Amino acid sequence: MTNVDLQINTGLARKILTGFIHTEITRTGMQRAVVALSGGIDSAVSCYLAAEALGAHNVLAVCMPYRASSSDSLEDAQAVIAATGVHSLTIEITPMVEPLFERFADMDNVRRGNVLARQRMVIIYDQSAAFGGLVVGTSNKTEILLGYSTLFGDSACAINPIGDLYKTQLRQLALELGIPPQVIHKLPSADLWAGQTDEGELGFTYAEVDQLLYLLVDQRYKPEECVAVGFQEVFVRSVVERVRRYQFKRILPLIAKLSNRTVGYDFLYLRDWGT
Amino acid sequence: MILNIALAQIHTVLGNVSANLEKHLILVKEAQAKGADLLIFPELSLTGYVLQDLVPAVVHRPKSEDPVFKPLLEASRNIDLLVGFVEEDTRNRFYIAAAYLSRGAVLHVHRKVYLPTYGLFDEGRFFAGGDAIQAFDTPFGRVGVLICEDFWHASLPYLLWLDGADLFLFTSASPGRGLNTGEQLESARWVDHINRAYASLFTSYVAHANRVGFEDGLNFWGASSVYDPDGDLIIRGPYHEEALTLAELDLNQLHRTRSRLPLLRDERTNLVARELNRILASRPSGQ
């Protein structure tokens, strides 16, 4: 089995990403950021980077626990808040989502998870307006490629500093940033129901899939070449199919073209247009 | 002869030429105050880089009656300038261009020949490619200007060398990419390697101005540099931060290096022309 090297220069990543956050927020005329803080490593990294880029007093971390969320999550989020010195707010979402769950008693875990993620999106965007800060995203490259997120839910944000780092690389950056060890080393979880873990739900570990994705996406290996270097064929096929199937989560909604100039096709401007 | 060269690695406002012009004029004053003879700005320094559909809205012609070039030409009475802009020709084609201004006149305009249209780049969609390469005379000797992808191809620096350039002025808006354990991003390391190589192979000065800042998710890494005819680094600006970097170029070093290492004297240009013609004649077109 080939050992794929996902090591990065974390100091360089830190410099680029804090520069990115500072530039992309201040060029809009704003100074502040809001981050949805779950207690996990991804949102901790985004929160640390935002605090370093903008100053802790310009960052609001919002914790949004649900009744089934683990108590560790809230404690870990509090540790991040204490360490960074950012503003914080805890908003319990249970009373907001329970009426919907009661209305549809047959709702499965996937639907419930999506409702939780979208309820959090509603709150973080409201706090964005209230605090006067842009929403800094918390989705990493692994979950973006695997489509392991809720559309218009946890993937919703204004800018995402960590979306080009695999989970394996985020752990390295988290060490560089001095994030509390219990946040870095716990099992990744969407924390949607008791005992849920990402790796349990996905059926493979981040360490495995990050190596495979790196070969497929970054190094442009063909699937059969990944098998040739030692990945299980079933695993390779399932990941390739997952990446394809969830492309819709990575793009804006399709617009049916009728005119000569259509948003998304031949009306092309960066978001930074004019700034 | 000493040439004091200044490299302005700036962040630009995307599509706002007047804001960028203002920054140019501030840096002109700063470079002049620091004794610079020549100030070079990065690729598309007056417009920003990922212009897409903004291209037709930011075009200028390097003429004294142009509202952007008028103050720049005025400023060039005291200090030579190389600025990056979008040029519209008389038939309304748009080029990524760089204009060398000296003593109130335009000495040369280079139109970017190689437009990267792959990976994250889409220049060929929005711009026409230049179709000429020429060195030109300045108060500091004969100079060759290339823009970013132009000097990723060995042929263009080579042609400029044969056309008499002893000082290469390279400009770019190079998006940083390729994060691994290295000290620099892969793109930064690669450009550094080739600039050192051109200075060494052509026993010439190579000055490179690269922009900084961000456009959407793209970072530009700066680290503008000058290599001398021995291939040694004279100066390098900071990575990822705005800076005005100055260097003193002793142009007599060309004499000393070429006395030791007469690569230019021994270059067999007729052989190159003969073999190139043979190669082009002997293969089917398009290969």
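The following paragraphs describe two strand sheets, one in chain A and one in chain B, of a predicted model.

The sheet in chain A is open and is built from four strands. Read across the sheet, the order is β3-β2-β1-β4, and the pairing is parallel. Its edges are formed by β3, residues 87-90, and β4, residues 133-135, each of which pairs on one side only. From one strand to the next, the twist averages 25°. The link between β1 and β4 of chain A may be followed in detail. Strand β1(A) covers residues 32-36 and runs parallel to β4(A), to which three bridges join it. Within this pair, A:A33 has A:L134 of β4(A) as its bridge partner.

The sheet in chain B is likewise open; six strands form it, and the pairing is mixed. Their order is β7-β8-β9-β10-β13-β14. Because β7 (136-138) and β14 (233-236) of chain B each have a single partner strand, they stand at the edges, and one side of each is left without a neighbour in the sheet. When direction is ignored, neighbouring strands of this sheet are turned by 20° against each other on average.

Helix α5, residues 186-201, lies across β9 (167-172), β10 (205-210) and β13 (225-227) of chain B. Relative to β10(B), helix α5(B) runs at about 155°.

Definitions and conventions. Residues are numbered from 1 along each chain as its sequence is written. Chains are lettered from A and ligands numbered from 1 in the order in which they are written. This is a predicted model: local features need pLDDT of at least 70, side-chain atom pairs count only at pLDDT 80 or more; totals for chains, interfaces and linings use all residues. Two strands pair if DSSP finds at least two bridges between them. Axes are lines fitted to C-alpha atoms, for helices over the stretch in contact, and angles run from 0 to 180 degrees between N-to-C directions. Two residues are in contact if their C-beta atoms, placed from the backbone, lie within 7 Å.
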